[in-house]
Amino acid sequence: MLLLRLSLRLWLQPGAPACAATRQSVHKLASLQKAKTLPRKKVQSLLYPFGELEAYLDRSVDKTPFQLFYPSLENMVEAEKLFYSSPSHKIDFYISVERMDHAPDLKQPEVCFIGRSNVGKSSLIKGLFSLTPEVEVRVSKTPGHTKKMNFFRVGKAFTIVDMPGYGHRAPRDFVDMVEPYLYTRKNLVRTFLLVDGSVGLQKLDLIALEMCEETRNPYVIVVTKIDKCGHGTLLTNLLNLQDVIKTQTSSCFPQPFLVSSLQFGGIYLLRCFIAHVTGSIRLADTSQS
């Protein structure tokens, strides 16, 4: 634990002022209803991004770990309903805190998102909430603008927590802020660790992965920016990541989730997984979670 803290402190850099929050617009593919109007092949690549890469994989590669969570379209539609706000199911930004002892005492299941600065964490959360444009999510082209733990309530179903990014322009007290949360938050059911698919696992990502392992809580790796590189680069980084998951982890879900916040690929699948692990919906068509 001490070595992990020292490693993180050594690599983290001082922060910069946060940018102002901007009101988000509705993405043209925010809902499955809109996505289903596209050609079938395009719809499939949006729903199950890994399927588009299968043709480029050697036959000897085991594809099973990439398809463990494979819900039906009906499952995704059911999950999507949770991301619409209504008078009886209010979705809102709740609070920002700098310390664990300031965190709200919420009872519903919670998931959190952590990742390197500029990995696309806030953009992904904005994509998840794209059906509720009234929910403001801070997004900036400047890395490291998230300085606090931001809590978003999804009705009484679950809470999503946007954690500060590590690495470039991370807050000085990143470790003191994030580590106690990961270790002590009793209603935390899943941590989502984001990795940039265009560059693959970086040294800081491996340190963060080690921290997730030490908590012994279940976590998932989300591969972002899959639209920012060619198939060859993405597959190389993805297979390297899969090897790390297989050989160096015990609490990580075997399947990495591929997403593109810009093109909306994988967002529907991730919404469904969040709804599933928080107990908000039940699935009969998936292998494990």
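**Contacts, sheet, cavities and pocket in the predicted model**

Apart from neighbours within four places in sequence, Glu-80 is in contact with Ala-30, Ser-31, Leu-32, Leu-131, Tyr-268 and Arg-271. Glu-80 belongs to helix 4, which covers residues 73–80. Its relative accessibility is 8%, and Glu-80 is therefore classed as buried, the cut-off being under 20%.

Seven strands make up an open sheet with mixed pairing, in the order 1-3-4-2-5-6-7. Strand 1 (91–97) and strand 7 are the edge strands, each of them pairing on one side only. Strand 7 is paired with strand 6 (residues 219–224) in the parallel sense, over two bridges. Within this part of the sheet, Val-222 is found opposite Phe-257 of strand 7.

Helix 7 consists of 13 residues. The distance from its first C-alpha to its last is 19 Å, close to the 18 Å expected at 1.5 Å a residue. Buried positions in helix 7 are Leu-204, Asp-205, Ile-207, Ala-208, Leu-209, Met-211, Cys-212, Glu-213 and Thr-215. Arg-216, just after the helix, adopts a positive phi of about 65°.

Two cavities of 30 Å³ or more are found when the whole structure is searched. For the largest cavity the volume is about 50 Å³. Its lining is formed by Val-195, Asp-196, Gly-197, Gly-200, Leu-201, Val-223, Asn-237, Leu-238 and Leu-241. At least two lining residues come from each of strand 5 (188–196) and helix 8 (231–248). Helix 8 makes the greatest contribution to this lining, with three residues. Five of the residues lining the largest cavity are nonpolar, three are polar and one is charged.

The second largest cavity holds about 30 Å³ of space. Leu-182, Leu-188, Thr-191, Cys-212, Thr-215 and Asn-217 form its lining. Strand 5 and helix 7 (203–215) are the elements that supply two or more residues to the lining of this second cavity. Three nonpolar and three polar residues are present in the lining, with no charged residue. Cys-212 and Thr-215, which are among the residues lining the second largest cavity, are also among the buried residues of helix 7.

The largest pocket contains about 560 Å³ of space. Its lining comprises 30 residues, and those nearest the centre of the pocket are Ser-45, Tyr-48, Pro-49, Phe-50 and Glu-52. Helix 3 (40–47), helix 8 and strand 7 (257–258) are the elements that provide two or more residues to the lining of the largest pocket. The most is given by helix 3, with five residues. By class, 16 of the lining residues are nonpolar, nine are polar and five are charged.

Helix 8 supplies lining residues to the largest cavity and to the largest pocket. Strand 5 contributes to the lining of the largest cavity and to that of the second largest cavity. Strand 7, an edge strand of the sheet, also takes part in lining the largest pocket.

Technical notes: Residues are numbered from 1 along each chain as its sequence is written. This is a predicted model: local features need pLDDT of at least 70, side-chain atom pairs count only at pLDDT 80 or more; totals for chains, interfaces and linings use all residues. Side-chain values use heavy atoms; hydrogens and water are left out. On a 1 Å grid over the protein atoms alone, a cavity is a set of points where a 1.4 Å probe fits but cannot get out, and a pocket is an open set with protein on both sides within 12 Å along at least five of seven lines; lining residues have an atom within 4 Å of a point. Grid points are joined across faces, edges and corners, and a volume is the space filled by probe spheres set on the points. Helices (H or I, at least four residues) and strands (E, at least two) are DSSP runs, numbered from the N terminus. Ala, Val, Leu, Ile, Met, Phe, Trp, Tyr, Cys and Pro count as nonpolar, Asp, Glu, Lys and Arg as charged, and the others, Gly among them, as polar. The expected span of a helix is 1.5 Å times one less than its number of residues. Buried means under 20% relative accessible area, exposed over 50%, partly exposed in between (1.4 Å probe, protein chains only). Contact means heavy atoms within 4.5 Å. Two strands pair if DSSP finds at least two bridges between them.
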